[in-house]
Amino acid sequence: MRVDFVTKEYPPNIYGGAGVHVSELVKNLRRTTEVHVHAFGKPIDEKDTLGYEPLGDLQNQNQAIQTLGTDLAIVQNIAGSDLVHSHTWYANFAGHLSSLLHGIPHVITAHSLEPLRPWKKEQLGGGYAVSSFVEKAAYLQASRIIAVSSGMREDILRSYPEVDPAKVEVVYNGIDSERWKPTTDDSVLASHGVDRDRRSIIFVGRITRQKGLTYFLQAAKSLPEDVQIILCAGAPDTEELMGEIETLVTELSSTRSGVIWIPEHLDQRSLAVLLSHADLFACPSIYEPLGIVNLEAMACGTAVIGTRTGGIPEVVLDSETGWLVPIEQVTDGSGTPIDPEKFIASWSQAMLRAFSSGDLDAFGKAGRERAIQSFSWKSIATRTLEVYQSALDS
């Protein structure tokens with residue numbers, strides 16, 4: 001069986017969880033299956049892997065139009081495949097057209113949903129209507145849809161009620177617990193200004209509305225003065241959002257020391273060092289289908305505090321591997337808290353409770369054990385092959 005992956009992200013062009021998912025899944029599937037990869041940009045030089053840069057005439061067009069042009073360039077190269085597997089709306093168009101043109105099943109892994117990310121209008125303008133159209137068309141026609149959590153499956157069926165529930169299956173994201181493990185290196189801490197003798201809480205994520213960073217920065221004002229706040233946050237969706245974050249970080253830094261902002265992309269080992277050193281990992285997302293970064297923190301032996309939304313409660317076990325913060329959300333798909341001040345206060349209280357609990361080390365150890373036992377990429381590759389077979393048999 002030959003399977004062709006279509007993805008925007010692939011090494012070395014990875015900036016989010018979808019890219020991590022694809023690279024790890026491909027690596028594991030290639031042990032037993034012929035896998036071809038079609039990725040945006042210039043992937044690493046490897047067998048059966050092609051990169052596609054924006055077409056010349058489209059380079060100055062809206063990002064959504066550039067995406068469609070790249071997808072069109074991919075379609076013909078999928079000829080000869082038995083099944084196409086697309087990841088995110090960026091790749092869904094190529095997957096959908098390949099299915100129609102070549103008469104093969106199209107499997108989608110849902111890492112996010114356009115109806116639940118209305119803030120993308122800030123980033124794409126009218127292109128958001130284009131991305132929403134592309135995603136819906138692909139989902140309604142796909143042979144199978146893989147949800148990365150049960151919460152994500154519910155979101156898919158609520159967003160696209162026309163989809164047959166029997167076609168939507170849950171296959172979690174995974175973690176390589178040999179790469180992501182407790183790692184010590186004082187030189188890495190020093191290079192980023194982290195005091196190894198102080199307690200710390202760390203946030204890792206893109207600067208996008210769904211990650212809830214604005215709420216976290218306001219809640220962090222209540223943290224004990226000895227707690228360092230480490231922000232591995234970059235790649236802002238818009239200049240406006242970047243400005244909001246800069247203002248909040250400046251305000252926070254004016255009242256306390258130990259606010260460390262690392263905007264550049266870190267290599268895997270450096271990030272593992274920072275996660276391992278931290279006492280607590282923060283995931284204040286208001287929309288999170290699963291959150292690979294939670295698994296990365298857990299695999300590094302760090303307790304996690306996250307919002308009780310999306311797939312986070314399926315990864316972080318409350319009062320066992322970390323703490324879950326309640327949220328009441330509006331029903332317009334944005335995930336915005338009904339009462340932002342209450343949400344911020346809940347985060348403040350939960351973080352104070354965590355730091356005073358005496359459970360940080362025990363929860364961190366339990367989290368690593370859970371990551372190893374329940375989220376291995378080998379088992380996830382096996383489940384994915386089962387989904388492929390069901391698509392081929394139908």
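1. Alanine 235 counts as partly exposed because its relative accessibility is 45%, where partly exposed is the range between buried (under 20% relative accessible area) and exposed (over 50%), taken with a 1.4 Å probe and protein chains only. Alanine 235 sits in the loop that runs between strand E9 (228-234) and helix H9 (239-253), helices (H or I, at least four residues) and strands (E, at least two) being DSSP runs numbered from the N terminus. Its phi is near 50 degrees, which is a positive value in a residue other than glycine.

2. A note on the basis of these values: this is a predicted model, in which local features need pLDDT of at least 70 and side-chain atom pairs count only at pLDDT 80 or more, while totals for chains, interfaces and linings use all residues. Residues are numbered from 1 along each chain as its sequence is written, and side-chain values use heavy atoms, with hydrogens and water left out.

3. For the chain as a whole, there are 15 helices and 13 strands. The radius of gyration is 21 Å, close to the 21 Å that the globule rule gives for 394 residues, so the chain is as compact as a globular protein of that length; the radius is taken over C-alpha atoms, and the rule is 2.2 Å times the number of residues to the power 0.38. Along the principal axes, the C-alpha atoms fill a box of roughly 60 × 40 × 40 Å. Buried residues make up 57% of the 394 residues, and of the contacts with a separation of 6 or more, 68% are between residues 24 or more positions apart, contact meaning heavy atoms within 4.5 Å.

4. Two further backbone features deserve a look in the model. Most residues other than glycine have a negative phi, and most peptide bonds are trans. Aspartate 48, in the loop between strand E2 (34-40) and strand E3 (49-52), has a positive phi of about 55 degrees although it is not a glycine, and at 28% relative accessibility this aspartate is partly exposed. The peptide bond from proline 11 to proline 12 is cis, with omega near 5 degrees, and proline 12 lies in the loop between strand E1 (2-7) and helix H1 (17-29).

5. Glutamine 228, in strand E9, is buried, with a relative accessible area of 1%. Its side chain reaches the backbone nitrogen of aspartate 195 at 2.8 Å and the backbone oxygen of arginine 198 at 3.5 Å.

6. Serine 98 lies in helix H3 (residues 89-102) and is buried, with a relative accessible area of 0%. The side chain of serine 98 reaches the backbone oxygen of alanine 94 at 2.7 Å. Beyond its neighbours within four places in sequence, serine 98 is in contact with Val75, Ile78, Val84, Gly103 and Ile104.

7. As for helix packing, the axes of helix H11 (residues 292-299) and helix H14 (residues 360-374) come within 7 Å and cross at roughly 115 degrees, with axes fitted to C-alpha atoms over the stretch in contact and angles running from 0 to 180 degrees between N-to-C directions. Leu295, Met298 and Ala299 in H11 meet residues of H14 that include Gly364, Arg368 and Ala371.

Notes. A polar contact is a pair of N or O atoms within 3.5 Å; within protein, one must be able to donate a hydrogen and the other to accept it, and residues adjacent in sequence count only if both atoms are side-chain atoms.
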